[in-house]
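Welcome! Take a look at it first, and then we will walk through it topic by topic.

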Amino acid sequence: MNSIHVLGISGSLRKSSYNTAILHAASAMLPEGMSLEIYDLSALPLYNADNDGDNIPESVRQFKARVTAADALLFATPEYNYSVSGVLKNAIDWASRPAGKSPLIKKTAAIMGASTGNFGTVRAQMHLRDICVYNNMLVVPQPEVLIMKAKENFDAHGKLTNELSRDLIRKLLVALAELTRRMKSERELAPTTEAAAVRV
Ligand SMILES: Cc1cc2nc3c(=O)[nH]c(=O)nc-3n(C[C@H](O)[C@H](O)[C@H](O)COP(=O)(O)O)c2cc1C
């Protein structure tokens, strides 16, 4: 079986982040042949087009190299003011350049999220799906992993205790493995396929 290396990206820098915690939960239930590396976004500066291109900051270069090396991405997004966090959007903005040559193009991805509110990041996840569409990424459609009322569903050590949510994460990882393997074999069969969209 072809192995799949996944880059896990949490949109929260908080030490006790529920979203970082669900990436750790995922790493303990990976399907066979999948590895997960959890990336810490805290070193990334705010996006500035003046610093993009040939002289990107070293922390950005390292982040983009990890995105490039990954077969797939696993996002754990908080919901801030009905959308993704600035931290996550900023990281995606860096990774999305240069237009037409970004390491996000044709990358497979899966999305999950945890919030303290009642809707489990559903609004942030819809925005994140749109951002992925713009970047020509392929996102697993289902299952949706929406972890609401986080205070009730994690224990004092930050372990996700809700069995339904744990099962959905397990299923999401299997779906990500399937989509990624399918895309990898299609790329091997038709390596020259290019996106038709014009990007600015
Ligand atoms: C600036 C800010 C905006 C927030 N907006 C929302 C929101 O729109 N919807 C929601 O469910 N929770 C919202 N929350 C609460 C977050 O769900 C909560 O802080 C959560 O713990 C963040 O994820 P983390 O634990 O991974 O840091 C917001 C929190 C902050 C700090």
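Let's start at one residue: K106 counts as partly exposed because it has 15 C-beta neighbours inside 10 Å. On that scale, a residue is buried if 20 or more other C-beta atoms lie within 10 Å of its own, exposed if 12 or fewer, and partly exposed in between, with C-beta atoms placed from the backbone. Please keep in mind that this is a predicted model, in which local features need pLDDT of at least 70, side-chain atom pairs count only at pLDDT 80 or more, and totals for chains, interfaces and linings use all residues. Residues are numbered from 1 along each chain as its sequence is written.

- K106 is found in the loop between α3 and β4, and its phi is near 65°, a positive value in a residue other than glycine.
- T121, in the loop between β4 and α4, has a phi near 75°, again positive without being a glycine.
- Is T121 buried or exposed? With 32 C-beta neighbours inside 10 Å, T121 counts as buried.
- The loop between α3 and β4 also holds P98, and the peptide bond from R97 to P98 is cis, with omega near -5°.
- Another cis peptide bond runs from Q142 to P143, with omega near 5°; P143 lies in the loop between β5 (138-139) and β6 (145-147).
- Most residues other than glycine have a negative phi, and most peptide bonds are trans.

**The chain as a whole**

- The chain contains 6 helices and 6 strands, where helices (H or I, at least four residues) and strands (E, at least two) are DSSP runs numbered from the N terminus.
- Read from the N terminus, the order of elements is β-α-β-α-β-α-β-α-β-β-α-α.
- Its C-alpha trace spans about 45 × 40 × 25 Å along the principal axes.
- Of the 200 residues, 36% are buried.
- Two residues are in contact if their C-beta atoms, placed from the backbone, lie within 7 Å. Among contacts between residues at least 6 apart in sequence, 80% join residues at least 24 apart.

- Which residues of helix α3 (residues 86-95) are buried? They are V87, L88, A91, I92, W94 and A95.
- These residues sit on the same side of α3 because they cover an arc of only 160° around the axis, the arc being that of the directions from the helix axis to the C-beta atoms.
- Their cover includes β1 (4-10), α2 (58-69) and α4 (122-134).
- A91 touches I9, L41, L44 and F63, leaving aside residues up to four places away in sequence.
- A91 is also among the residues with the most contacts inside the largest nonpolar core, together with V6, I22, L73 and L74; this core has 49 residues. Such a core is a set of buried Ala, Val, Leu, Ile, Met, Phe, Trp, Tyr and Cys residues joined through C-beta atoms within 7 Å.

- N2 lies in the segment before β1 and counts as exposed, with 10 C-beta neighbours inside 10 Å.
- Not counting residues up to four places away in sequence, N2 touches G33, R181 and K184.
- The C-alpha atoms of N2 and S35 are 11 Å apart, although 33 residues separate them along the chain.
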